[in-house]
Amino acid sequence: MSTAILTGQPVPGSSIEGDLRSLGFDVRVAVDAADAERLVAEAPCEQRVALVDARFVGHVHALRLGLTDPRFPLAAVPGAVTAQPEGRVTLTRALARDNSAGGGTALAVDSLPDRIVTALADDGAEVYRPELGSLVAAVPADPQARNEARQAVADVDDEAVRLKSAVKSRDGFFTTHFISPYSRYLARWCARRGLTPNQVTTASLITALIAAACAATGTRGGFIAAGVLLIASFVLDCTDGQLARYSLQYSTLGAWLDATFDRAKEYAYYAGLALGAARGGDDVWALALGAMILQTCRHVVDFSFNEANHDATANTSPTAALSDKLDSVGWTVWVRRMIVLPIGERWAMIAVLTAATTPRITFYALLIGCAFAATYTTAGRVLRSLTRKAQRTDRAAQALADLADNGPPAGLLTRVARAPLGAPFLVALAGTVVLAVALFSGMTWAPVAGAFVYAIAAAQALYRPLKGPLDWLVPPLFRAAEYGTVLILAATADVNGALPAAFGLVAAVAYHHYDTVYRIRGNAGAPPAWLVRAIGGHEGRTLLVTVLAALLTASQFTVALTVLAVAVALLVLVESIRFWVSAGAPAVHDEGEPA
């Protein structure tokens with residue numbers, strides 16, 4: 001149990017002690033600042049500790065936001081400050097200095113928690129201050145101010161605010177208008193019954209896998225059930241995040257589950273549709289793999305662009321200004337959110353088409369929709385990049401290099417190269433074009449030569465930092481080249497099992513790339529170098545697959561793809577699980593683009 005220390009003169013009729021206990025705090029009372037310092041020192045070092053002014057007046061949810069969010073070592077609202085174990089030393093030092101100075105540097109402030117927050121700021125410590133909006137959190141100085149604060153508390157329904165804040169501020173049209181109006185109440189229902197976001201996330205995954213199994217039956221009843229269950233899975237997918245925000249149940253394990261299960265659910269459903277179509281005599285594995293590749297490359301474009309620009313200086317452009325202007329016109333916001341086919345619209349379309357049509361039509365519609373969305377978003381971002389004069393940081397360049405996923409062959413070629421051949425983006429584009437031409441040449445060994453040129457291009461593209469205006473396109477180009485190579489060679493093999501094996505291999509590699517993204521977002525860096533070396537890097541895998549296709553028969557190539565898929569999946573999953581359940585994993589929660 002966490003410890004809350006009330007400071008200052010108690011106020012008759014105050015509910016602060018009960019409010020703190022309802023939030024899971026063991027409440028202690030300090031007679032003065034020295035006593036508060038002693039009680040902080042006596043509190044178990046592995047627990048959260050909070051200092052709260054006894055005169056505090058405010059909503060319970062304001063205290064919840066300020067004192068119970070697990071993501072921040074130090075946090076505060078007016079009249080209260082809290083520290084998790086990793087922030088205890090900083091808090092204790094500020095409290096001791098305040099006592100020794102007889103009131104610290106902010107003597108005009110007679111609230112001890114507020115003085116400590118000022119001292120923490122003077123120390124340069126990062127103190128999280130949640131946006132309270134209409135919620136009240138105050139330390140009234142006199143009875144009149146107290147009465148006014150209490151009236152302000154009575155005028156605002158903090159439960160309504162809590163429910164509203166459980167929903168993402170930025171979401172797609174379908175999610176906002178057809179899911180969130182009731183899923184937020186489902187989240188509250190789960191919270192009141194002690195369910196955790198991780199349990200809801202797992203339920204969403206299980207529901208999606210059952211939907212994929214229904215689709216795999218290949219019957220009309222199975223397709224209808226699959227569509228209904230896919231929507232049910234999406235409702236649960238929205239609920240888990242809303243539950244986490246409603247009850248502030250953030251965790252590193254939850255971050256990992258949330259980051260990976262959406263993709264696992266969607267791609268498993270693609271596989272289910274392909275299996276169902278095969279039962280009806282229609283082979284759509286190439287379409288399923290193409291849809292997975294297109295969707296993954298879309299995400300890489302999002303990730304690369306955001307990483308390249310999130311801390312860039314002078315990060316403005318006429319295109320961005322036009323976008324901001326359009327945001328002021330209400331209807332354009334929803335149109336622009338819908339045409340990028342975010343997860344809500346995409347899953348709704350897939351569910352309806354699965355129930356009403358065939359897997360082939362579903363995949364055609366998905367490919368067309370995603371291709372249009374990818375063209376729209378990428379073109380806009382290219383225009384922004386060409387018209388802005390951003391200075392990208394070393395951190396951004398390193399993030400792009402990590403996303404590129406170069407392996408041992410590129411590392412070797414970099415060491416033997418003496419000078420860069422050109423701009424990183426142009427070099428990567430040239431290598432990708434050469435590889436594509438070789439793959440479609442029809443000659444047995446041409447893809448191997450193309451893959452070797454591609455490996456040289458991969459090495460040259462990362463010869464210098466990726467700070468050019470279009471260098472954020474380097475990782476997406478590499479993803480499209482590697483995944484496309486596997487698709488084309490498997491389709492060319494023209495033997496049963498080749499495309500499903502290729503689907504498994506791309507899924508395993510894509511998981512590794514998503515895992516890389518979320519580690520970078522959590523400021524944890526890229527996966528360990530030994531893992532990248534073990535699975536070969538994108539250029540190493542591309543070269544290996546082309547050599548296998550040239551040396552082996554079609555049936556042998558299928559077996560080789562299967563073995564490679566299993567090996568990559570085992571390596572990346574074991575290391576990823578080890579990392580995300582470890583104590584040092586970042587609490588990453590995706591509140592950005594609703595992809």
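## Asp471 and its polar contacts

In this predicted model, the side chain of Asp471 reaches the backbone nitrogen of Phe425 at 3.3 Å. A polar atom of the Asp471 side chain also lies 2.7 Å from the backbone nitrogen of Gly468. Asp471 itself is located in the loop between α20 (446-461) and α21 (474-493).

Asp471 is buried yet forms no salt bridge. The nearest side chain of opposite charge is that of Arg392, at a distance of 6.6 Å; a salt bridge would require a side-chain nitrogen of Lys or Arg within 4 Å of a carboxyl oxygen. When neighbours within four places in sequence are set aside, the residues in contact with Asp471 are Leu400, Pro424, Phe425, Pro465 and Leu466.

## Leu499 in helix α22

Leu499 belongs to helix α22, which spans residues 498-521. Leu499 counts as buried because its relative accessibility is 12%, under the 20% limit.

Apart from neighbours within four places in sequence, Leu499 is in contact with Trp285, Ala286, Leu289, Leu487, Ala490 and Ala491. Leu499 and Thr558 are separated by 59 residues in sequence, while their C-alpha atoms are 8.2 Å apart in space.

## A nonpolar surface patch

Leu253, Leu573, Ile577 and Val581 make a nonpolar surface patch of about 300 Å². One of these residues, Leu573, is placed in helix α25 (residues 554-580). With a relative accessible area of 37%, Leu573 is partly exposed, and this value meets the patch requirement of over 30%.

Terms used:
Residues numbered from 1 in each chain as written. Predicted model: local features only at pLDDT ≥ 70, side-chain atom pairs only at ≥ 80, totals over all residues. Heavy atoms only, no water. Patch = residues over 30% accessible without salt bridge, like charges linked within 9 Å, V, L, I, M, F, W, Y side chains within 5 Å. Areas by Shrake-Rupley, 256 points an atom, 1.4 Å probe, with all protein chains shown as cover. Helix = DSSP H or I, 4+ residues; strand = E, 2+ residues; numbered from the N terminus. Buried < 20%, exposed > 50% of the residue type's maximum accessible area, 1.4 Å probe, protein only. Contact = heavy atoms within 4.5 Å. Lys, Arg positive; Asp, Glu negative; His and termini not counted. Polar contact = N/O pair within 3.5 Å; in protein donor to acceptor, adjacent residues only side chain to side chain.
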